[in-house]
Amino acid sequence: SGSAAPARAVHAHVVRLGRDRNAHVASSLVAAYAAGGDGAAARSLVGERGRDTPVVWNALISGHNRCRRFGESCCSFVDMSRAGAVPTPVTYVSVLSACGKGTRDVLLGMQVHGRVVGSGVLPDLRVENALVDMYAECADMDSAWKVFDSMQVRSVVSWTSLLSGLARLGQVDEARDLFDRMPERYGLVDR
């Protein structure tokens, strides 16, 4: 978080140069306003420059996440859907992070999971890791395990998200058993 003053200065310069209609420039400005704490200016730019452009929405959602305004991230995802913009894997990762780490809104997370399945983006390791992490953060370990078990490929992030969820819930024996099955465990243990 911080001040939106630098974003306003850059925005004015971009307008003077006539570059303010470019979607990538607009997404950078949206991200800067959101990260600077000026959600109203960020949303205004989304409305002006790309209501159906996922890159602009992704900038808004991730900008809110950076400022730990997770509720606004979730609301922006809903607004994005209403505007007809098609979510990308980046969108899903950002909103699932907001659901898990921020709002702990497992119901919205489940709805996003349904959208993910219906969208055809799976298998995508980033999205699958975000699903495991969201469910683990929301203490829905049954769903976290289901996603984990369905993954064709797992990374250290997959294993760690599940381990962290088990440990947070006091399921120490299950966490230890999982750690013992983790292929990367020798790289993590001081020998």
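The model is predicted. The chain contains 12 helices and zero strands, and buried residues account for 46% of its 191 residues. Its largest nonpolar core comprises 51 residues, and the structure holds 10 salt bridges.

**Overall architecture**

- Read from the N terminus, the elements run α-α-α-α-α-α-α-α-α-α-α-α.
- Along the principal axes, the C-alpha atoms of the chain fill a box of roughly 60 × 40 × 25 Å.
- Of the contacts between residues at least 6 apart in sequence, 59% join residues at least 24 apart.
- The accessible surface of the chain amounts to about 9,600 Å², and carbon and sulfur atoms contribute 54% of that area.

**Nonpolar core**

- In soluble globular proteins, nonpolar side chains tend to be buried together.
- Within the largest nonpolar core, V30 and V112 are the residues with the most contacts.
- When neighbours within four places in sequence are left aside, V30 is in contact with A42, L45, V46, V56, A59 and L60.

- The chain carries 22 positive and 20 negative side chains, and the centres of the two sets lie 8 Å apart.
- Apart from neighbours within four places in sequence, E128 is in contact with L122, P123, V147 and M151.

- Side chains of opposite charge can pair when their charged atoms come close.
- R82 and D79 form a salt bridge in which the closest N and O atoms are 3.9 Å apart.
- Both residues belong to helix α5 (residues 70-83); because they are three residues apart there, about one helical turn separates them.
- R82 is exposed, with a relative accessible area of 68%, whereas D79 is partly exposed at 22% relative accessibility.

- D133 forms a salt bridge with K101, with 2.5 Å between the closest N and O atoms.
- D133 is buried, with a relative accessible area of 16%, while K101 is partly exposed at 38% relative accessibility.
- K101 also meets the side chain of E137 in a salt bridge, at 3.6 Å from N to O.
- E137 is buried, with a relative accessible area of 14%.
- Through shared partners, salt bridges join K101, R104, D133, E137 and R168 into one network.

Methods. Residues are numbered from 1 along each chain as its sequence is written. This is a predicted model: local features need pLDDT of at least 70, side-chain atom pairs count only at pLDDT 80 or more; totals for chains, interfaces and linings use all residues. Side-chain values use heavy atoms; hydrogens and water are left out. A nonpolar core is a set of buried Ala, Val, Leu, Ile, Met, Phe, Trp, Tyr and Cys residues joined through side-chain atoms within 4.5 Å. Buried means under 20% relative accessible area, exposed over 50%, partly exposed in between (1.4 Å probe, protein chains only). Contact means heavy atoms within 4.5 Å. Helices (H or I, at least four residues) and strands (E, at least two) are DSSP runs, numbered from the N terminus. Accessible areas come from the Shrake-Rupley method with a 1.4 Å probe; for residues, only the protein chains shown count as cover. Lys and Arg count as positive and Asp and Glu as negative; His and the chain ends are not counted. The place of a charge is taken as NZ of Lys, CZ of Arg, CG of Asp or CD of Glu. A salt bridge is a side-chain nitrogen of Lys or Arg within 4 Å of a carboxyl oxygen of Asp or Glu.
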